[in-house]
Amino acid sequence: MNQTAFLEPGLHIKGLRLSPSALELFNKCPRLFYLQRVLKLSGDKSAEEERQYHLDYGRAAEAGVVSYLKHGSVERAVFDAWLGYDDIEFKRKTLESLVAGIRSFALQWPQDEWKLEAAQIGFKVEFGDEFGGYYCGFIDASIINQFTEYVASLECKTTGYGIQPIEAMYQNT
C-alpha cells in the first residue's frame, strides 16, 4: 500500500503514524493531510473546534455505553455520559440526542445478555521495515454474550443520523 505517492511525487514518509482521523483526512484531501500531518502546519481554527465538538460528543456517548455495560443501569449510564458532555450543542448533537442514543443502545444490547470484558483497548499495527510507519487506535469495548460466548468488538459512532439503528459504516475503523 504505497499511497504516499499521492502526497508528493517520490515522497515516502518513514515512521508515519496513521489513525482513523488521519486516514479520514487523507481520504478527504491528500494535500491537506501532507500539510497538517507531515509538515505540521496548523489548519483552520473553526474546523478544528468543530472536530473537537464531534470528538467530545463521541467520548460522552462512549462513556455512557461503557457505563451501561459495566453497571447495567441506564440512569447511571446517562449520568456518566452527562459528566463527559460539557454543554456540547452542535447541530443535532445535543444532550437530548445523547440520552436517546444511550437508551436506544440499552434496548438493542440487553445488559443481562452482554457482559463488558474490557474498554478502551489500544492497538498498534506496524507496517514493517521498508515503510516504517504504523496504524494505531482504540477499540471502544470488548463484550461477550453470556449465553453463546460470542465475543464482539464494540465501536461507538455518533454519526448524527439519529438514534435509529443503521447499517454499519466502518469507513476508517
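Helices (H or I, at least four residues) and strands (E, at least two) are DSSP runs that are numbered from the N terminus. This is a predicted model, in which local features need pLDDT of at least 70 and side-chain atom pairs count only at pLDDT 80 or more, while totals for chains, interfaces and linings use all residues. Residues are numbered from 1 along each chain as its sequence is written, and side-chain values use heavy atoms, with hydrogens and water left out.

Q: How many helices and strands does the protein chain have?
A: Read from the N terminus on, the elements of the protein chain follow the order β-α-α-α-α-α-β-β-β. The protein chain therefore has, as DSSP runs, five helices and four strands.

Q: Which word describes how α1 lies to α2: parallel or oblique?
A: Helix α1 (residues 20-28) and helix α2 (residues 30-38) pack with their axes 5 Å apart and at an angle of about 135°. Axes are lines fitted to C-alpha atoms, for helices over the stretch in contact, and angles run from 0 to 180 degrees between N-to-C directions. Angles under 35 degrees count as roughly parallel, over 145 as roughly antiparallel, 65 to 115 as roughly perpendicular and the rest as oblique. The angle therefore makes α1, relative to α2, oblique.

Q: Which residues in α2 do residues of α1 meet?
A: Contact here means heavy atoms within 4.5 Å. On the side of α1 stand Ser21, Ala22, Leu25, Phe26 and Lys28, and the residues they meet in α2 are Pro30, Leu32, Phe33, Gln36 and Arg37.

Q: Aspartate 56 forms a salt bridge with which residue?
A: A salt bridge is a side-chain nitrogen of Lys or Arg within 4 Å of a carboxyl oxygen of Asp or Glu. The closest N and O atoms of this pair are 3.5 Å apart, and the two residues, being three residues apart in helix α3 (residues 45-71), are separated by about one helical turn. The partner of aspartate 56 is arginine 59.

Q: Does aspartate 80 count as buried or exposed?
A: Aspartate 80 forms a salt bridge with arginine 76, the closest N and O atoms being 3.2 Å apart. Buried means under 20% relative accessible area, exposed over 50%, and partly exposed in between (1.4 Å probe, protein chains only). Arginine 76, at 39% relative accessibility, counts as partly exposed, whereas aspartate 80, at 18% relative accessibility, counts as buried.
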